[in-house]
Amino acid sequence: MLFAENATKSFGPNDVIRGLTFIVGDGEHVGLVGPNGGGKSTILRLLAGDHAVDSGAAGYRGTSLGYLRQEAGLTDANTLIQELWEAFPEARAVELELEGIAAQIERGEGDLDSLIERQAALFEQFEAMDGYRIEARIGRVLNGLGFAESDRQKRCADFSGGWQMRIALAKVLVRRPENALLDEPTNHLDAKTRDWLADELQDWNAALLIVTHDGPFLDQVATRILDLRDGAVESYTGGYTDYQRQKAAKLQAQDQAAARQERELGKQERFIERFRAKATKTTQVQSREKMIAKIERIDRTKKEDEVNFVLTSHGRTELDVLMMKHVGHAYGDHLVLVDVNLHVERGQKVVFIGPNGSGKSTLLRIAAGLVAPTEGVVEWAERARPGYYDQHQDEALDYNRTVIEEVRSVAGGAPDVKLRTVLGQFLFKGDDVFKPVRVLSGGERSRVALAKFLIQPTNVLLLDEPTNHLDRTTRRKLIEALQGYEGTIVCASHDPGIVEGIASHVYEVKDLAVRELLHMRRE
């Protein structure tokens with residue numbers, strides 16, 4: 001069970017959580033939603049014990065807790081299999097001791113009878129831990145998350161950031177604790193893997209609290225939604241679609257009630273104003289004034305702040321913007337791309353789709369000049385001014401800088417008034433621009449990364465999974481801005497909103513090759 005009881009948490013002068021109370025019962029699957037920076041990740045840290053509450057209580061009951069953070073937290077030197085075994089420290093310790101005893105017996109060291117007796121006890125202990133099935137559980141989860149058999153002996157440091165997050169997710173899934181906290185588990189997952197994860201969670205009898213902006217995923221997994229607003233949560237039954245419908249009805253009813261109250265109060269105030277000076281009406285006026293003073297006012301619903309930005313193309317390129325000729329690439333012995341030919345013209349909106357690990361990001365990095373192809377050439381138009389946005393752009397931020405310092409580092413001497421205007425479009429207003437990057441939520445860091453990217457003059461956008469980590473409103477605004485962008489776009493994305501909303505040309509990157517899907521072409 002996961003719980004919070006009148007929990008409060010502040011950071012400096014900012015009250016993040018106020019009077020937070022909820023319970024996630026054993027076996028219940030609950031989604032936690034709310035705006036970026038509202039405190040969702042803070043709630044998870046309070047439940048896990050990473051942060052202490054200022055007052056009240058928060059935590060879990062039971063013997064085990066799994067926690068998928070937004071940072072992978074892996075041991076770089078471990079192989080994939082070694083890292084997964086880290087989820088079973090007790091069983092791993094027994095296994096290592098068994099390996100040591102076997103080596104001693106083989107070398108003829110120590111007292112043989114004592115070693116055999118200890119070995120038998122360890123075998124019994126390992127079986128009680130279900131240790132013999134751990135390897136099979138690890139294999140099943142790794143297969144479900146898309147890891148190849150050849151990945152199992154790769155070091156964690158050799159995986160990309162997205163695949164490292166899959167490893168962290170796998171460590172939670174293989175252990176199957178009684179309670180689990182999952183912070184953005186579907187980021188970096190393709191549709192097939194996301195569906196596998198949904199099935200996996202549905203069959204898991206644990207108290208789950210899931211933070212995600214992925215509404216369809218919550219529809220598959222969650223039986224209840226907690227909506228975080230102004231430091232407190234409100235509970236809605238059902239999945240994300242049910243929550244949206246219930247909340248819309250509630251807000252509509254609140255506005256209607258507020259309007260009725262305003263009309264009634266206006267009527268009473270007009271009576272008071274009209275008869276205040278009449279001695280014969282003094283008692284009635286005073287009675288109505290007392291009545292008005294006691295009324296608890298119903299607030300009109302407030303529209304949440306939204307990011308508000310425009311993507312501007314700086315300068316017109318030649319017709320042939322980007323040419324890739326016979327491009328191939330390999331990482332050591334691992335082939336990724338073979339004989340890729342791509343021709344992108346001015347104004348086209350090109351989207352790469354395909355399974356994780358197929359080479360989409362590599363293709364973009366080659367186009368951006370960040371990776372030299374093993375073979376082939378890349379030719380850019382002379383007037384092209386490409387800008388590259390990495391799916392892990394937020395990880396490249398300097399966590400010791402403030403928000404405005406981070407944007408200033410790429411602004412080319414632009415005055416602070418311009419920087420503050422841009423940051424205001426991304427909801428960093430007033431003293432928010434002086435917050436250290438390290439205290440921001442994942443979504444807030446993504447907004448800083450977007451602000452950094454957009455302040456640089458470009459006429460070609462190279463985008464790698466640009467909607468990862470964004471809340472639903474910011475994602476929608478970005479897609480709208482991309483739709484209105486007059487320059488050229490080359491983008492890799494699993495997001496249907498990108499593919500269906502902006503693509504003029506869709507290419508599938510798969511099996512070392514790139515091919516155009518003509519039936520999805522738009523002009």
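Modeller: Start with residue classes: Ala, Val, Leu, Ile, Met, Phe, Trp, Tyr, Cys and Pro count as nonpolar, Asp, Glu, Lys and Arg as charged, and the others, Gly among them, as polar. This is a predicted model, where local features need pLDDT of at least 70, side-chain atom pairs count only at pLDDT 80 or more, and totals for chains, interfaces and linings use all residues. Residues are numbered from 1 along each chain as its sequence is written, and side-chain values use heavy atoms, with hydrogens and water left out.

Colleague: What is the make-up by class of the lining of the second largest pocket?

Modeller: First the idea. Rolling a probe the size of a water molecule over the atoms shows where empty space is left. A pocket is an open set of points on a 1 Å grid over the protein atoms alone, where a 1.4 Å probe fits, with protein on both sides within 12 Å along at least five of seven lines; lining residues have an atom within 4 Å of a point. Here the lining has nine nonpolar, 16 polar and 11 charged residues.

Colleague: Which residues are closest to the centre of that second largest pocket?

Modeller: The pocket has a volume of about 1,100 Å³. Closest to its centre are S160, W163, Y331, G357 and T362, of 36 lining residues.

Colleague: Is E465 buried or exposed?

Modeller: Buried means under 20% relative accessible area, exposed over 50%, partly exposed in between (1.4 Å probe, protein chains only). E465 is buried, because its relative accessibility is 6%.

Colleague: What is phi of E465 near?

Modeller: Most residues other than glycine have a negative phi. Phi of E465 is positive, near 50°.

Technical notes. Grid points are joined across faces, edges and corners, and a volume is the space filled by probe spheres set on the points.
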